[in-house]
Amino acid sequence: MDDEEIAKSAALEQRHWWYAERRAMVRRTASRWPTGRALDVGCAGGGNTAVLRELGWSATGLEYSAAGAEIAASRGLAVVRGDATAMPFDDATFDLVMSTDVWEHIEDDGAVASETARVLRHGGRALIAVPCSMKLWSGHDVALGHVRRYERDQLAAVVSGAGLEIEDMWSWNVLLRPVVRARRRRRSEAESEMEPVHPVLNAGLRSAVALERVLPLRRLPGVSLVVSARKP
């Protein structure tokens, strides 16, 4: 993702339904675990890093781009510039390593997974979210610089291959998948969908995603996949 797209995302993330519900997912998941030191890999403007800090984690963001690191730092967050495939941290440093919508940008996702395992302490957890299914591949992915979208077995293989034990894997944004697929079939140009949304529509879309919390949809195909894993 280029600096312009990162800046646009940072400006949108406090009100846009997708970012808001992704933060809610991070909050629900990470709040179940004992707090400690956390690393948010590819933190961009730091929206999810801030969630971890609010939950009581000692949270640091790792960001490759100058634009993202500058925005995160301007929000009072601890941020280090660095490469997710060669993280500038010692072995066994963190109790939680989180990557939300990062791995799909990196050619060597196995290296990111291995680095995640390396900097985790024994018993520490990884929380990873990625876009799901090449059936949804579109100009949106091209515009954001995605290399791939993941299938369940593909994501499981990368995580397990790094020596992490998968605790859970679930789909996210399931109810809106038919809408997303139909829209992307009609659009072939490289264009990001991350744009301002009318407040009424924004509230409706957020409600649709929030409804998934009480419906048995986690194993159905969604727009994203989320996995939690542990370092043995």
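A salt bridge is a side-chain nitrogen of Lys or Arg within 4 Å of a carboxyl oxygen of Asp or Glu. Hello everyone, let's begin with one example of that. The side chains of arginine 149 and aspartate 141 meet in a salt bridge, at 2.7 Å from N to O. Arginine 149 and aspartate 141 are both buried, where buried means under 20% relative accessible area, exposed means over 50%, and partly exposed is in between, with a 1.4 Å probe and protein chains only.

A quick word about the model. It is a predicted model, where local features need pLDDT of at least 70, side-chain atom pairs count only at pLDDT 80 or more, and totals for chains, interfaces and linings use all residues. Residues are numbered from 1 along each chain as its sequence is written, and side-chain values use heavy atoms, leaving out hydrogens and water.

Back to salt bridges. How many does the structure hold? There are 13 salt bridges. Another one joins the side chains of aspartate 109 and arginine 148, at 3.6 Å from N to O. This pair links distant parts of the chain, 39 residues apart: aspartate 109 sits in helix 5, and arginine 148 in the loop between helix 6 (139–144) and helix 7 (152–161). Helices here are DSSP runs of H or I with at least four residues, strands are runs of E with at least two, and both are numbered from the N terminus. Aspartate 109 and arginine 148 are buried. Salt bridges that share partners also join Glu21, Arg206 and Arg213 into one network.

Now please find arginine 27 and glutamate 54. Their side chains meet in a salt bridge, 3.3 Å from N to O. Why does this pair tie together separate parts of the sequence? Arginine 27 lies in helix 2 and glutamate 54 in helix 3, so the pair connects parts that are 27 residues apart in sequence. Arginine 27 counts as partly exposed, at 34% relative accessibility, while glutamate 54 is exposed, with a relative accessible area of 58%.

That brings us to the two helices themselves. Two packed helices are described by the angle between their axes and the distance between the axes. Helix 2 (residues 17–30) and helix 3 (residues 47–54) pack at about 35 degrees, with axes 10 Å apart. Axes are lines fitted to C-alpha atoms, for helices over the stretch in contact, and angles run from 0 to 180 degrees between N-to-C directions. The contact (heavy atoms within 4.5 Å) involves residues including Arg22, Val26 and Arg27 of helix 2 and Asn48, Val51 and Glu54 of helix 3.

Seven strands form an open, mixed sheet in the order 3-2-1-4-5-7-6, and two strands pair if DSSP finds at least two bridges between them. Strand 3 (78–81) and strand 6 (165–172) stand at the edges with a single partner strand each, so one side of each has no neighbour in the sheet. From one strand to the next, the twist averages 15 degrees. Strand 4 (residues 94–100) and strand 5 (residues 120–131) run parallel, joined by six bridges. Phenylalanine 94 has leucine 120 in strand 5 as its bridge partner.

Helix 4 packs on the sheet, touching strand 2 (58–63) and strand 3, and its direction makes about 165 degrees with that of strand 3. Which residues of helix 4 (residues 66–74) are buried? They are Ala67, Gly68, Ala69, Ile71 and Ala72. Just after helix 4, glycine 76 takes a positive phi of about 80 degrees.
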